[in-house]
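Please consult the sequence and the structure below before reading on.

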Amino acid sequence: MSLRLNPPFAHTLDTLGRPAVGMWVCSGSHVAAEICAGSGFDWLLIDGEHGVLSLETTQQLLQVTAAYPVHTMVRLPQLDTATIKQFLDAGAQNILIPMVDDARMAQDAVAATRYPPAGVRGVGSALSRSARWGGVAGYLTDAEQYISLFVQIESAAAVANAREICAVKGLAGVFVGPSDLAASMGLLGQQNHPDVVAAVKSVITVAHEAGIKVGLNAFDPAQAEDYLAAGADFILVAADVQLLALESKKLAAQFIDSAAGGSADVGY
C-alpha cells in the first residue's frame, strides 16, 4: 500500500480564495500545538529560530498537528543545507528560512530542498518521516511537489533586493518580518513606523509582480487588517506564548486588583 502526503501550503494559497490566517507555535508544548491546530486557523508556524525546539520536538509537533485540518510550516534556525535536509527528513513539507538578504541566498535555499541534479539535498527518504519511511511511492522523483519553500525578507538589504529574491525559481513565496526589518532600519521596536509599513507594502507589490505569494507577521489587529487590505496572501496574527502571557496577566490584574482593593503587589 502506498501512502499519500497532503498537498503543501502553496497549493492551499493558490486555491483558498482568501488570505490564509495563522498563528505561531513557539512554546514547544505538544498540548499547545494540538489546541492551536484545532482552533480553526488555516496554518501554524512552528518556530525553530527563536523557539527552544529541537529537531526531535519539531517532528513530534508535526505528528501531533497532522491529525487536524491545518497546514504547518517550520521556521528553521538559519539557512544551512544540512539543517534543511534534517527538517525535511523529519517531515516538514513547508519551511521558512529566516534572514535571506539576496538572491544567491534564496537560490541556496532552493537547492537545499531539491535532490540532485536539481539541487543538493541528501538522499535518505527510506530512513525518515519525509516519505513515511519509504511508504510514499515515487517520493524521490516527486518530492518537489510535496514541498513549499518560503524565505524571509527582514532587513533593509533584503527589501532593496526583493525583486531579485522574488524572481528566484523554486520559491513558493516570501515572508516579511517587520520586527527585524524595523531594527535594520534603525527603528528597533517600531514595526508600525510609517517607513517600516511602507517597506513591507513595497515587498507585497514586488512579490505579486513576480507571481509569488507574500506573507507577514502582525500582532496588532489594525495593522494586520491594513496589510491584508494591501494584498498579503498569508499572515500570522498571534502566538501561543503571547496569548498565554497576555491573558494570564489580564486575569491576574483583574482579580488581584479586585481582591486587594486596587493593589496588585504580591510579596514572596
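This is a predicted model: local features need pLDDT of at least 70, side-chain atom pairs count only at pLDDT 80 or more; totals for chains, interfaces and linings use all residues.

Residues are numbered from 1 along each chain as its sequence is written, and side-chain values use heavy atoms, with hydrogens and water left out.

**Overall build**

- The chain has twelve helices and eight strands, which are DSSP runs numbered from the N terminus (helices: H or I, at least four residues; strands: E, at least two).
- The radius of gyration is 20 Å, close to the 18 Å given by the globule rule for 268 residues, so the chain is as compact as a globular protein of that length; the radius is taken over C-alpha atoms, and the rule is 2.2 Å times the number of residues to the power 0.38.
- Along the principal axes, the C-alpha atoms fill a box of roughly 70 × 45 × 35 Å.
- Among contacts (heavy atoms within 4.5 Å) between residues at least 6 apart in sequence, 61% join residues at least 24 apart.

**Burial and surface**

- Of the 268 residues, 47% count as buried; buried means under 20% relative accessible area, exposed over 50%, and partly exposed in between (1.4 Å probe, protein chains only).
- The accessible surface comes to about 12700 Å², of which 56% belongs to carbon and sulfur atoms; the areas come from the Shrake-Rupley method with a 1.4 Å probe, and for residues only the protein chains shown count as cover.

**Nonpolar cores**

- The largest nonpolar core holds 65 residues, of which Ile97, Tyr139, Val174 and Leu216 touch the most other members; such a core is a set of buried Ala, Val, Leu, Ile, Met, Phe, Trp, Tyr and Cys residues joined through side-chain atoms within 4.5 Å.
- Helix α10 (residues 194-210) gives the most to this core, with eight residues.
- Apart from this core lies another, of 15 residues, among them Cys26, Met73, Phe150 and Leu236.

**Individual positions**

- Gly135 lies in the loop between α5 (103-112) and α6 (139-146) and is buried, with a relative accessible area of 17%.
- Not counting residues up to four places away in sequence, Gly135 touches Met1, Ser2 and Leu3; its C-alpha atom is separated by 5.6 Å from that of Ser2, 133 residues apart along the chain.
- Gln63, in helix α3 (residues 55-65), counts as partly exposed at 38% relative accessibility.
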